[in-house]
Amino acid sequence: MLLITCPVCAVTAEETEFSCGGPYAPPGHGRLYMRGVVREWWLCEAGCGSWFGLARHSVNQRILGVWAAGKEPPPFPGETA
Amino acid sequence: MPRRPTRRYTLTSLLREARRQHRGWEPAWPKAEPKSSYEVIVVGGGGHGLAAAYYLAKLHGIRNITVLEKGWLGGGNAARNTTIIRSDYLRPESMALYGLSHSLFEHLSTELDFNVLYSPRGLVELAYTRQHMERLARTADANTHYGIRSWMIPPDEVRKLLPLLDDGPHRRYPLYGGLWQPRGGIARHDAVVWAYARMAARLGIDIVENCAVERIETIGGRVSGVRTSRGVISADIVLVAAAADTPALLAPLGISLPVEPVALQAFVSEPLKPALDVVVIAGDVEGYISQSDKGEFVIGGATDPSPGYSRRGAFARIEDTAASLLELFPSLSRVRMMRHWAGTVDITPDRSPIIGPAGPQGLYVNCGWGTGGFKAIPGSGYATASLLAGGKAAHVIEPFGLDRFRQGRLIEESAASAVAH
């Protein structure tokens with residue numbers, strides 16, 4: 001179970017209050033899921049309704065960061081571009 | 001005087017071994033050291049990889065094969081499923097493949113000299129909405145047309161099959177009926193893997209555990225072998241059957257597989273007396289339940305809310321699945337759950353597997369089984385072996401090639417899958 005903080009409205013809640021929108025890539029440029037750090041779109045579904053970015057490790061589930069759209073952070077440790 | 005080890009599993013060998021304290025059994029498969037070169041390398045020692053290797057050796061005479069497994073046999077999705085076997089699918093392509101598999105299951109224990117505890121006890125899919133009823137009726141019609149034995153049954157017959165089913169005044173949904181497949185059932189999942197491994201090893205196939213394949217080597221558009229954690233192994237044909245890890249192995253070759261890894265959880269209760277003698281699938285409450293031969297209830301539900309390889313499972317789904325179980329059988333509310341696990345299922349956009357050649361000559365994939373791969377192990381292995389060896393059964397899996405996504409020729413099974421994943 002992921003505990004997520006929305007970077008837009010700052011609410012912290014379980015992942016069931018959010019919705020995963022798949023890899024963080026422009027439409028048509030689908031990226032593959034791999035073992036390691038992945039960037040995803042998430043929707044603050046039960047909160048402010050904004051889409052935001054989230055980086056997490058696909059094996060140990062640790063969340064490395066969240067950001068509002070347009071404020072993409074530099075690569076995280078262990079992340080391959 | 002040392003006696004010859006006992007190989008076959010028969011009543012006489014069991015009695016003989018009982019007399020010498022079971023010290024004479026031969027290991028089911030020896031721990032093989034990888035050679036430097038093989039005719040065929042199978043990446044992934046799950047059910048699909050082992051079955052393909054076995055049928056290559058058994059039916060096509062190709063015995064210079066190795067199966068490379070990153071962990072141990074029966075440690076992946078082969079041991080992380082709910083063991084349900086059925087072939088009541090919607091599309092003709094799926095019915096051919098799953099139907100072939102179902103028919104191979106009928107004689108699998110004899111074929112492999114290993115009791116896989118195949119139990120065709122009957123399987124019912126319940127409909128609690130009119131829409132679901134219509135969907136199941138469509139599947140039943142398709143099944144009848146293509147020779148898969150399944151038909152719709154009214155609520156009265158469902159109640160007769162499932163005395164445990166909640167039918168009282170407090171039930172939440174009206175029962176409309178069900179899709180009944182009399183030969184649907186379950187089997188022992190570990191036994192299927194062990195049995196294929198044992199017979200494959202007996203036919204001369206090297207099964208190498210704890211050997212992770214790191215990359216696939218190619219020379220001039222042809223596959224030349226694999227680089228593993230235990231050195232380079234060369235081969236002209238490589239079959240990658242590594243479930244959710246297949247995309248990462250093929251990505252360096254420029255091949256993109258539309259496969260998403262998601263955790264799917266399952267639960268086993270404490271053993272109870274026999275109370276449920278059919279497999280129950282209820283898509284409307286997102287649950288599927290059967291009672292194992294030991295008496296444990298084996299329960300599954302929907303996939304986790306977000307993708308990943310963690311094999312940990314989200315708490316929300318544990319609650320959802322328990323809720324769906326109690327929706328059907330409130331009398332089980334005091335039953336304790338003994339075990340719980342998650343497997344990383346490899347889900348494709350159309351919920352059908354990806355089987356066929358990929359990219360460089362000699363490279364084949366068999367993945368994307370998603371939430372329903374166990375039931376397909378014998379058929380998938382049989383047809384994949386045929387594809388690799390140029391046999392007659394290859395046509396069964398030809399529609400499942402990777403090119404179907406480029407051609408828009410999807411084999412859409414998501415509407416017909418037991419539970420929406």
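Hi everyone. Let me open with a definition: the axes I'll talk about are lines fitted to C-alpha atoms, for helices over the stretch in contact, and the angles run from 0 to 180 degrees between N-to-C directions. One more thing before we start: this is a predicted model.

With that in hand, let's go to a helix pair in chain B. Helix 2 of chain B, residues 47–60, packs with helix 7 of chain B, residues 189–202, at an angle of about 35°, and their axes are 9 Å apart. The crossing of helix 2 of chain B past helix 7 of chain B is left-handed.

Which residues in helix 2 of chain B meet helix 7 of chain B? They are B:G47, B:L50, B:A51, B:A53, B:Y54 and B:A57. On the side of helix 7 of chain B, the partners are B:V192, B:V193, B:Y196, B:A197, B:M199 and B:A200. Sorted by class, the contact of helix 2 with helix 7 of chain B has 11 nonpolar residues, one polar and no charged.

How many residues does each domain bring to the contact? Domain 1 of chain B brings 36 residues, and domain 2 of chain B brings 39 residues.

On the side of domain 1 of chain B that touches domain 2 of chain B, helix 3 (92–105) and strand 7 (185–186) of chain B each supply at least two residues. Helix 3 of chain B gives the most to that side, with four residues. By class, that side of domain 1 of chain B holds 16 nonpolar, 15 polar and five charged residues.

Last stop, for those of you who like backbone torsions. B:T83 is not a glycine, yet its phi is positive, near 60°. You'll find B:T83 in the loop between strand 2 (65–68) and strand 3 (84–85) of chain B. Is B:T83 buried or exposed? B:T83 is buried, because 25 other C-beta atoms lie within 10 Å, and the cut-off for buried is 20 or more.

B:A243 is another non-glycine with a positive phi, about 50°. B:A243 sits in the loop between strand 12 (237–240) and helix 8 (246–250) of chain B. B:A243 has 26 C-beta neighbours inside 10 Å, so B:A243 counts as buried.

Note on methods: Residues numbered from 1 in each chain as written. Chains lettered and ligands numbered in written order. Predicted model: local features only at pLDDT ≥ 70, side-chain atom pairs only at ≥ 80, totals over all residues. Contact = placed C-beta atoms within 7 Å. Nonpolar A, V, L, I, M, F, W, Y, C, P; charged D, E, K, R; others polar. Buried ≥ 20, exposed ≤ 12 C-beta atoms within 10 Å, placed from the backbone. Left-handed = near helix turned anticlockwise from the far one by under 90°.
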